Amino acid sequence: MLDGEPAALSDEELLDRLQRAAFDYFVENVNPKNGLVADTSRPNSPASIAVVGFGLSCYPIGVERGWMTRAAAVELTLATLRFFHGSEQGNGDDVTGHKGFYYHFLDMHTGRRVWRCELSMVDTALLIAGVLVAGTYFSQNNDHEREIRDLAEALYKRVDWRWAQGSTPTLRQGWKPKSGFLHYGWEGYNEATILYVLSMASPDSPSSDDSYAGWTATYQWENIYGYDVLYGGPLFMHQFSHAWIDFQGIRDAFMREKNSDYFENSRRSTYLHRDYARHNPYDYGGYSDNLWGLSAGDGPGGFRASVERRPHRFSGYAARGAPFGPDDGTIAPWSYPASLPFAPEICLPALRHLLDRYPGVVSNFRLPSGFNPTLANRRKFGRDGWVSEGHYGLDQGITVMMIENHRSRLLWTLMRSNQHIRRGLLKAGFTGGWLAQPLRDGSDAA
């Protein structure tokens, strides 16, 4: 339930409440001894290395917004970087990482691999992106902030990106100690742009110069509801890399050919989701101009039920997408703040509609991973339908970061000045816009 009346709040006040509620997830779910952040707020959840990367990116926002002192942010950031720098690497089972990469999920206390999960290339990239935010933001000339900068550089340089290609032109998605690389790579547009930018920029062990072109060769350009878009079904694919990199006005070879850029592509994709909800091909409950947004997130679980006399299967955690599915009527409300920089004119009304029409879905301004209004008033579900229990760190992190990019462009400004981000973009073939401007210190990152 909500504390206060959202309708009485200005847009700025509303975003402040939502952003602060999401930021507090990291304060509440971090182990201060090692900086590991729980994947979810559910009991006994392990840490997610991607969520740690989001947390490292959120602490500077907390400092700038007055929600955390700089000293507290430095202490927590140092605990995190020291843990990863000192954690055990190797090709065995009971370690934290290998070749500078880290296992997707780690025990919150020991920091060791859990669930026999994979060594994750993209989640390591999301972690390293947060590490670089820390190394860029904490720029003061004192021992602690110098140590943050030194550790950030050391952690980034340790990642063996070339090894992660295996024998393929593109990066692999994961690796396990007994079976080796997972038997699939990256195909089609998704959240991996940050992975390729970081891998190509590495000063010591970069991915091959043609790795990014190898990935973009698998892209799928579509015309959907009148929008020319580079297709990626779930909205998170159009948000995650954008949390760190300002793609507005810069183009790679693919986008130069299409006379577009990835920022514009995310804007069109956001509208596409809105229009998909207008069409509502499966007659799910609540879908409208102001209730849309399919992404990766929690779901009501594996069961079948009829909707408007049509049988449907409802999933648990899944990557839902529009318009080609999957879709079981489960909305990801955090999609609205996460797409705010691209299309505030439709995201803000959607947020207000959610808070007004479904107040029971939001807990003190913290958005859930998902809710399904089609299941409203059914047995086992409440008046608003199914609502995800607990909260997910990825959802809360992207909420904090993209609201901040909408409000102040803080992360975009920081990462524009990071030599590794700039070098990776240039090596991937991006040109124009802010990339044509020199670094603040006048150096050339190419």
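A word on "buried" before the first selection: a residue is buried when its relative accessible area is under 20%, exposed when it is over 50%, and partly exposed in between (1.4 Å probe, protein chains only). Helices (H or I, at least four residues) and strands (E, at least two) are DSSP runs, numbered from the N terminus. You're looking at a predicted model, where local features need pLDDT of at least 70, side-chain atom pairs count only at pLDDT 80 or more, and totals for chains, interfaces and linings use all residues. Residues are numbered from 1 along each chain as its sequence is written, and side-chain values use heavy atoms, with hydrogens and water left out.

**Stop 1: helix 6**

Select residues 193-201. Nine of the nine residues in helix 6 are buried, so the rest of the structure largely encloses it. What covers them?

**Stop 2: aromatic rings**

Now show the side chains of Phe, Tyr and Trp. Two rings (for Trp, the six-membered one) pair if their centres lie within 6.5 Å; planes under 30 degrees apart count as stacked, over 60 as edge-to-face and the rest as tilted. By this rule the count comes to 38 aromatic pairs. Start with Phe101 and Trp161: the ring centres are 5.4 Å apart and the planes sit at 80°, so this pair is edge-to-face. Phe101 belongs to strand 3 (residues 101-103), while Trp161 is in the loop between helix 5 (143-158) and strand 6 (174-176), so the pair ties together parts that are 60 residues apart in sequence. How accessible is Phe101? Its relative accessibility is 0%, so it counts as buried. Trp161 is buried too, with a relative accessible area of 0%.

Next, go to Trp221 and Phe254. Here the ring centres are 5.9 Å apart with planes at 65°, so the pair is edge-to-face. Trp221 lies in strand 8 (residues 221-224) and Phe254 in helix 8 (residues 253-258), so parts 33 residues apart in sequence are tied together. Trp221 counts as partly exposed at 25% relative accessibility, whereas Phe254 is buried at 16%.

**Stop 3**

Switch to cartoon. Two strands pair if DSSP finds at least two bridges between them. Five strands make an open sheet in the order 2-3-5-6-7, with antiparallel pairing. Strand 2 (97-98) and strand 7 (180-181) stand at the edges with a single partner strand each, so one side of each has no neighbour in the sheet. Zoom in on strands 2 and 3, which pair in the antiparallel sense over two bridges. Which residue of strand 3 is the bridge partner of Gly97? Tyr102 is.

**Stop 3: a hairpin**

Move on to strand 11 (residues 303-307) and strand 12 (residues 310-314), an antiparallel pair with five bridges. Ala305 stands opposite His312 in strand 12. Two residues lie between the strands of this hairpin, and Glu308 takes a positive phi near 50°.

**Stop 5**

Select Phe105, in strand 4 (residues 105-106). Phe105 is buried, with a relative accessible area of 14%. Contact means heavy atoms within 4.5 Å. Leaving aside neighbours within four places in sequence, Phe105 is in contact with residues including Asp39, Pro46, Arg112, Trp115 and Cys117.

Then try Arg274 in helix 9 (residues 262-279), which counts as buried at 11% relative accessibility. Not counting residues up to four places away in sequence, Arg274 touches Tyr227, Ser288, Asp289, Trp292 and Ile346.

**Last stop: Arg357 over a ring**

A charge sits over a ring if NZ of Lys or CZ of Arg is within 6 Å of the ring centre and within 35 degrees of the ring normal. Select Arg357 and Tyr358: Arg357 lies over the face of Tyr358, at 4.5 Å from the ring centre.
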